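Subject: Structure handover and notes

Dear colleague,

Please find the structure below, followed by my notes on what was found in it.

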Amino acid sequence: MTNKTDTVKAASKATNEAIEKSQEIFTKSTAASEKVAEGVIGLNASAFKGAEVIAKKAYDNYVSNVAAAFDNAKTLSKTSDVADFYKAATASFTKASETFTAQSKEMSELSTKVYKDNVEVAKKFYADAFKAA
């Protein structure tokens, strides 16, 4: 009878230890999953914020360029002869070209900054996600 009781006790002890170990593993994996989810949320937030900044700048450029186009059209409509028209048109074209060049450079620099910022967030995320526990 003692042998059977000892066997039941040993099985019960092993079962309890396995349950405790499983719960410990579950707790650790849940914590790791939460860290990954937080990292992904942070990475997505960074990417979204960067896209928002770029879109806002592109919209501001659009509004500015359309306003300038209307001003240029008004200037051209007030010219009195062909020479004045071509002089005004050339000045408008030159100014628009300079503006577009500056805007393109600014958008490129802004895009590069956003990209670099997102790369840094991604590096941190991956470093944290794969850090030894």
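By about how many helical turns are Lys 124 and Asp 128 separated in helix α2? They are separated by about one helical turn, because they stand 4 residues apart in that helix, where a helix is a DSSP run of H or I with at least four residues, a strand is a run of E with at least two, and both are numbered from the N terminus.

Before the details, please note that this is a predicted model, in which local features need pLDDT of at least 70 and side-chain atom pairs count only at pLDDT 80 or more, while totals for chains, interfaces and linings use all residues. Residues are numbered from 1 along each chain as its sequence is written, and side-chain values use heavy atoms, with hydrogens and water left out.

Overall shape

The chain has 2 helices and 0 strands. Its radius of gyration is 33 Å, well over the 14 Å that the globule rule gives for 133 residues, so the chain is more spread out than a compact globule; the radius is taken over C-alpha atoms, and the rule is 2.2 Å times the number of residues to the power 0.38. Along its principal axes, the C-alpha trace spans about 120 × 20 × 10 Å.

The accessible surface of the chain comes to about 10600 Å², and 64% of this belongs to carbon and sulfur atoms; such areas come from the Shrake-Rupley method with a 1.4 Å probe, and for residues only the protein chains shown count as cover. Of the 133 residues, 11% count as buried, where buried means under 20% relative accessible area, exposed means over 50%, and partly exposed lies in between (1.4 Å probe, protein chains only). Among contacts between residues at least 6 apart in sequence, 81% join residues at least 24 apart, a contact being heavy atoms within 4.5 Å.

Contacts between the helices

Three buried residues show which parts of the chain touch. Asn 61, which is found in helix α1, is buried with a relative accessible area of 10%, and, leaving aside its neighbours within four places in sequence, Asn 61 is in contact with Gln 103 and Met 107. Val 114 lies in helix α2, which covers residues 82-129, and counts as buried at 12% relative accessibility; not counting residues up to four places away in sequence, Val 114 touches Gly 50 and Ile 54. Asn 118, also in helix α2, counts as buried at 16% and, with the same exclusion of residues up to four places away, touches Leu 43, Ser 46 and Ala 47.

Val 114 and Lys 78 are 36 residues apart in sequence and 43 Å apart in space, whereas the C-alpha atoms of Ala 91 and Asn 72, 19 residues apart along the chain, are separated by 9.3 Å. Ala 91 is found in helix α2 and is partly exposed, with a relative accessible area of 46%.

Salt bridges

Side chains of opposite charge can pair when their charged atoms come close. The structure holds 9 salt bridges, each being a side-chain nitrogen of Lys or Arg within 4 Å of a carboxyl oxygen of Asp or Glu. One of them joins Lys 56 and Asp 60, with the closest N and O atoms 2.8 Å apart; these two residues are 4 apart in helix α1 and are therefore separated by about one helical turn. Lys 56 is partly exposed at 48%, and Asp 60 is partly exposed at 32%.

In helix α2, Asp 117 and Lys 113 are likewise 4 residues apart, about one helical turn, and their side chains meet in a salt bridge of 2.7 Å, N to O. Asp 117 counts as partly exposed at 35%, as does Lys 113 at 48%.

The pair in my opening question, Lys 124 and Asp 128, meets in a salt bridge of 2.9 Å, N to O. Lys 124 is exposed, with a relative accessible area of 53%, whereas Asp 128 counts as partly exposed at 26%. Elsewhere, salt bridges that share partners join Lys 21, Glu 24 and Lys 28 into one network.

Nonpolar surface patch

Finally, Tyr 59, Tyr 62, Val 63, Val 66 and Phe 70 make a nonpolar surface patch of about 520 Å². Patches are made of residues with over 30% relative accessible area and no salt bridge, with like charges joined within 9 Å and nonpolar side chains (Val, Leu, Ile, Met, Phe, Trp, Tyr) within 5 Å.
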